[in-house]
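Subject: Structure handover

Hello,

Here is the structure I promised to pass on. Please open it and keep it beside this message as you read.

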Amino acid sequence: MEKAIEVKGLRKSFKDIEVLKGVDFEVKRGEIFALLGSNGAGKTTAVNILSTLLKSDGGTASICGFDVSRQSGKVRENISLTGQFAAVDEILTGRENILLIAKLRSVPKPDQVADDLLKRFGLTDAANKRAGAYSGGMKRRLDIAMSLVGTPSVIFLDEPTTGLDPQGRLEVWKTVKELAGSGVTILLTTQYLDEAEQLADKIAILNEGKIIANGTLEELKKLFPPAKKEYIEKQPTLEEIFLAIIGKGGQSK
Amino acid sequence: MKNNTGVLTGRLMKHILRSPDTIITVALTPIAMMLMFVYVFGGAVRMSMGTDVNYINYQLPGILLMAIASGIAYTAYRLFLDMQKGLFSRFNSMPIGRSSVLWSHVLTSLVSNMLSVVIIFFVALIMGFRSSAGILNWLAASGILVLYTLALTWIAVIPGLTAKSMEGASAFSYPLIFLPFLSSAFVPTETMPTVVRVFAENQPVTSMVESIRSLLNSEPVGNDIWVALAWCIGIMAVAYIFAMRAYKRKAA
C-alpha cells in the first residue's frame, strides 16, 4: 500500500468537449504532487473526479486503494478537498467553521481540535471573528485548516493561491510546506510554475487533457538542453524610467 | 456515512439569527401591504362586502401566502451561495449523508418562514384580527401554511442549484409573490372580468386562501381544503422530482 493515489487512463467529456483524454499518474504516500497546467487543461476536472464529486467516463482512479466510483464512501473518509475558492462559511467565525467540520466528521474532542488548528495556522487572534472579515490569505489558511480536521490521508488543494495577493500567497506556501513531512499526501493543482517548483516533490504537466511530462524538478530540467549563456542588451524598464524621472532611483519598494 | 442534517441545519439557523434582517425583510413587505389593504382600501372594500365583514381577517391568509413566497427567495439565495462559495462541494466530498445538505436548507426554509408568519400574525392581532377557531382549525390552517412552504421551498431548490447569478436565483419568486393578487385573497372574485375571474377561481392560491379563512373564522370549509391539499402535494411532488434531478446532476 505504497500508493496514495493511482490514476489510469482517466477520461472525461463535457458534451462534445473531451477534457481528460486518458490521464495516468501515481502519487506515493506522504508526497506533495503538483498537477501543473494552464486554465482549461483539466486540472479541476481531475480533482473533482478524485474527490468523488464527478463521475469519470472511463479509466480507473483509486485513493488509498479504494476505487473512487465504486467505494466513494471509503474514499470520502480518507480525503479532504480544498476547492478552487476558499470554501469557508463567511457568516460563521473561524472557530465555528472548524467546529462545524469536526462535528460533521464526528471527531473526538472537537474544541481541542479547533484550538490546535487555529493555533497552528496563526488564526487564534481572529478565531472569534466572522470568516467573512478575513483577508484572502487568512480565508485560505482557514480553508486548509478545515481540510485537516480528522487527519485525512490525502488532501486536494485546487489552485490554492489563485486570486491571492503576494502576501497571502506566501502565507499559503508556508502552510503547505509545513504540512509536508507530516505524512499527509497532497495533490495540488496550479498554473504557476514557481508554485510547483517551490512546493512539489513531483510535478506532472497536464496539457490539453493529457500528462505530457511527469517527474521531479531535476528530472524535468534534464528534458531541456543545457543552459546556454547569452548576452542581451538591457533596456530600461518603465519602472526604472519612472523612478529616475521622479528622482527616487533605486529606492523602489 | 451518517446523517448530519441536524448539524447542517444548525449552521444555517446561525445565518438567520445573525442576519435577522432576512426574517424582518420577509415579514416587512407583507406587513406594509396589510396596513395598506386594511387602512387604505379596506373601507371601500367593506362597503361592497357588507360592514359585518372583519376585513383584517379576510385579507390575512393572502398576506401570509405572499410572505412565504418572498421568504423562499432567501432559500434559493442561501443554496446558491453554498454552491458559489464551494461549501456544497466541500460537504459533498465528506463522509456524510449525501442529501443532508439539501435537507438542511429545506428545514431552515420551513423554520424561517414560520417565524415570519408568526410575526405577521402578531401584527394582525394588534390591528384587530380575531378568531373564534378551535385548536383543530388552527392546526389545519397551520398545516396548509407548512405544506405551501414546503411546496414552494422545493421549487426554490431548483434555481438555487442551477442559477448562474444571484438575481437568477431569486427572480422566480416574483410571480409567486404576485399570485395572491389574482385570487380571492383581497377582494371577492365576483366583480372581476370573466378571464381574470376564471383564472382567479381556479389557481392554487384561491383554494388555500379560502380554506385558511374559513378555518380561522370557524366557518364550514367545504371542498376548498381538499383542493388546497391536492395543489400543495402536487406542486411539491413535481418540484421535488425536478429538484432531485438537478441535485444529482450537481452532486454526481
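Predicted model: local features only at pLDDT ≥ 70, side-chain atom pairs only at ≥ 80, totals over all residues.

**Where the chains meet**

Chain A gives 22 residues to the contact and chain B gives 19 residues. On the chain A side, three elements each supply two or more residues: α2 (72–78), β6 (79–82) and α3 (94–104). That side of chain A holds ten nonpolar, six polar and six charged residues.

**Helix α3 of chain A**

Look at α3(A) next. Is it enclosed or open? Nine of its eleven residues are buried, so α3(A) is largely enclosed by the rest of the structure. The buried ones are A:Gly94, A:Arg95, A:Asn97, A:Ile98, A:Leu99, A:Leu100, A:Ile101, A:Ala102 and A:Leu104. What covers them? The cover includes α4 (110–120) and α5 (136–148) of chain A. It also includes α1 (5–18) of chain B. After α3(A) comes A:Ser106, with a positive phi near 50 degrees.

**Helix α9 of chain A**

Now turn to α9(A), residues 238–246. The number of buried residues among its nine is zero, so α9(A) lies largely in the open. A:Gly247 follows this helix, and its phi is positive, near 80 degrees.

**Chain B and its record**

The unreviewed UniProt entry annotates residues 21–250 of chain B as "domain: ABC transmembrane type-2". In the model, that span is 79% helix and 0% strand. Its end C-alpha atoms lie 30 Å apart.

The unreviewed entry also marks "transmembrane region" over residues 21–42, 62–81, 102–129, 135–157, 169–187 and 225–243 of chain B. Two of these spans were examined here. Residues 62–81 of chain B are 100% helix and 0% strand, with end C-alpha atoms 30 Å apart. Residues 225–243 of chain B are also 100% helix and 0% strand. There, the end C-alpha atoms are 26 Å apart.

**A helix pair in chain B**

Two packed helices are described by the angle between their axes and the distance between the axes. Take α6 (residues 135–162) and α10 (residues 204–216) of chain B. Their axes come within 8 Å and cross at roughly 155 degrees. With angles over 145 counted as roughly antiparallel, α6(B) and α10(B) are therefore roughly antiparallel to each other. Their crossing is left-handed.

Which residues meet? From α6(B) come B:Asn137, B:Ala140, B:Ala141, B:Ile144 and B:Tyr148. From α10(B) come B:Met208, B:Ser211, B:Ile212, B:Leu215 and B:Leu216. By class, the residues of this contact are eight nonpolar, two polar and no charged.

**Two loop residues to check**

A:Thr52 is not a glycine, yet its phi is positive, about 65 degrees. You will find A:Thr52 in the loop between α1 (43–50) and β4 (58–63) of chain A. Is A:Thr52 buried or exposed? It has 26 C-beta neighbours inside 10 Å, so A:Thr52 counts as buried.

B:Ser218 also has a positive phi, near 55 degrees, and is a residue other than glycine. B:Ser218 sits in the loop between α10 and α11 (224–250) of chain B. B:Ser218 is exposed, with 12 other C-beta atoms within 10 Å.

Best wishes

Methods. Residues numbered from 1 in each chain as written. Chains lettered and ligands numbered in written order. Axes fitted to C-alpha atoms, helices over the stretch in contact; angles between N-to-C directions. Helix = DSSP H or I, 4+ residues; strand = E, 2+ residues; numbered from the N terminus. Parallel < 35°, antiparallel > 145°, perpendicular 65-115°, else oblique. Left-handed = near helix turned anticlockwise from the far one by under 90°. Contact = placed C-beta atoms within 7 Å. Nonpolar A, V, L, I, M, F, W, Y, C, P; charged D, E, K, R; others polar. UniProt positions renumbered as here; feature names shortened; annotations may be inferred. Buried ≥ 20, exposed ≤ 12 C-beta atoms within 10 Å, placed from the backbone.
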